Amino acid sequence: MSEAAKAELKRPPIVSGASKEGGHMPEFEKDYCAFISRAHAEGGELAEFDFGGQETILMSGPDAQEVFFRTPDEVFSQAQAYQVMVPVFGPGVIFDATPERCKTQLKIQVDALRYQNMKNYASVIAQEVEDWISDWGDEGEVEILHAFHELTMHTATHCLLGKEFRHSMTEEFFSLYKDLQAGVQAISFVDPYMQQPVFAARDRARERLEEIISELVATRRASGKEYGDALETFMTGTYKDGSHLTDTELTGLIIATMFAGHHTSSGAGAGTLLEIAKHPEYAAELKAELDEIYKDGEEISHASMRAIPKLESFINEVLRLHPPLVILMRRVMEDVEYNGYLIEKGKTVAVSIYESHINPEYFPDPHKFDPHRQEPERMFAYIPFGGGRHKCAGNAFAILQLKAIFSALLRRYDFELVGPAEDYEDERANMTIRPKDPCILRYKRRTD
Amino acid sequence: MKVKVDLDLCQGHSVCLGECPEVFDVVEQEDGYPQVVVLIEEPPEELRKKVMSAAMFCPNRVITVED
């Protein structure tokens, strides 16, 4: 855009209260939901804030969000906004790959999540859930954050890396993954390469994980067996020139898939169970629906879970009020005009899922949990998985997994809180929304 | 009945192909994700139920059906 054209345009309003040192980062880290709401209230559709030195424009409302999601990568770049993930995924993987290789890697990732594979995953997840609750007995208490963390680690590794890996999985894998996760936090957005113990641990974990994956890949190449899991799809995928992913790239793609799918699904599962325990009246509706679907002793399968409307609406409402991701970002690669405002090259644009989901225009009485809500007709108002070309490719997997978990749980057990409801508020630190730790529920085998 | 697709949203999950292969195919692209192709833009009435299922179960809400 020419300087003259730029001079004609207004600049997005700047959010008040930036600190000298970290801009708005300290306030963001403390309670990002409150900060984003304040930014939106001050600036309206566009509000600029200082995200640890990066000028970031929050785009709010479905019109602005639609522009965010539909603008092509050459203009709003996802890769440039997520360079913080490069040391986690490894060199040459996704956000560090050339645009062409990145597109192929993402395509291979989606291939592993297509309709054909999903049928295998449905039965794998059902089996994992059965194993999970096999020793629960008639009643007891369960800390659900830990329980869902473990369950979703099992389902994720089983679907991604296969049955053998899942069952021989050592404590080491858990601990390496934990180190990788700890390597992504608010300060990583300032500089993910600074000298910090958490970043050193992250790099060691990445290296060791590649050794483990390389061994697994070598064993598989030698065996010539078929596995029907994601790793098999990743290993057979090809670039345009016919070459396959390297071990470094395979490791990176596995890490990227785990990162996208694990903590999000784990949090959503815990959030769903907590809302079930909080709302026995809605839980009764879900149980009646599931009892009807599974009345002839049908097994949990891709087919039986095709349509479970009440459970789906319930999960949608959980994802509305407790979206697992904070904000989505893109780096601005070319000057863009929006409604008479300049969105300038070099800045970052952001969309807040949480803020979008509490817009009273589309969600009346927005803070009330109401699974009977209708999803708004307006696209890009309800965006638990983002939207457009970079929409979460695992969205169908995530919903399938939640449906499998609750199909199994709710047919067998009732759940209730063990303390007053105020003890079960969401925690919003560390850039995620999830129930406060510990989150203990009581379960009882159903007798009705 | 008229079938429309929004290719900005399609990632080639192929649910439509599973639900109604008479009307939908998913085709590999030169670059990036495979994408849906509508084989019959105005499908016959007897396919309505299958077309509506494809639209409803599409994880990315790519498909709209107009009367």
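Modeller: In this predicted model, a residue is called buried when its relative accessible area is under 20%.

Biologist: Is A:Cys439 buried or exposed, and at what relative accessibility?

Modeller: The cut-off for a buried residue is under 20% relative accessible area. A:Cys439 falls below that cut-off and therefore counts as buried, its relative accessibility being 1%.

Biologist: How many disulfides does the structure hold over all chains?

Modeller: A disulfide requires two cysteine sulfur atoms within 2.5 Å. The cysteine sulfur closest to that of A:Cys439 belongs to A:Cys33 and is 17 Å away, so the two are too far apart for a bond. In chain B, B:Cys20 is likewise in no disulfide, with the sulfur of B:Cys16, the nearest, at 8.8 Å. Over all chains, the number of disulfides is zero.

Biologist: What area is buried between chain B and chain A?

Modeller: The size of an interface is often expressed as the accessible area lost when the parts come together. Here 25 residues of chain B are in contact with 25 residues of chain A. Carbon and sulfur atoms give 46% of the buried area, which is about 2200 Å².

Biologist: Which three residues supply more than any other three of the area that chain B buries against chain A?

Modeller: The leading trio supplies 26% of the area that chain B buries against chain A. Its members are B:Asp8, B:His13 and B:Tyr33.

Biologist: How many salt bridges does the rule find across the interface of chain B and chain A?

Modeller: A salt bridge needs a side-chain nitrogen of Lys or Arg within 4 Å of a carboxyl oxygen of Asp or Glu. A:Arg70 and B:Asp6 form such a pair, with their closest N and O atoms 2.6 Å apart. Across the interface, the count of salt bridges is nine.

Biologist: Which helix of chain B gives the most to the side of chain B that touches chain A?

Modeller: Helix 1 (15-19) and helix 2 (48-57) of chain B each supply at least two residues of that side. The greatest contribution is three residues, and it comes from helix 1 of chain B.

Biologist: Where in chain A does A:Pro12 lie?

Modeller: A:Pro12 counts as buried, at 5% relative accessibility. Beyond its neighbours within four places in sequence, A:Pro12 is in contact with residues including A:Leu46, A:Tyr341 and A:Leu342. Its position is the loop between helix 1 (3-8) and helix 2 (25-30) of chain A.

Note on methods
Residues numbered from 1 in each chain as written. Chains lettered and ligands numbered in written order. Predicted model: local features only at pLDDT ≥ 70, side-chain atom pairs only at ≥ 80, totals over all residues. Heavy atoms only, no water. Buried < 20%, exposed > 50% of the residue type's maximum accessible area, 1.4 Å probe, protein only. Contact = heavy atoms within 4.5 Å. Buried area = accessible area lost by both parts, 1.4 Å probe. Helix = DSSP H or I, 4+ residues; strand = E, 2+ residues; numbered from the N terminus.
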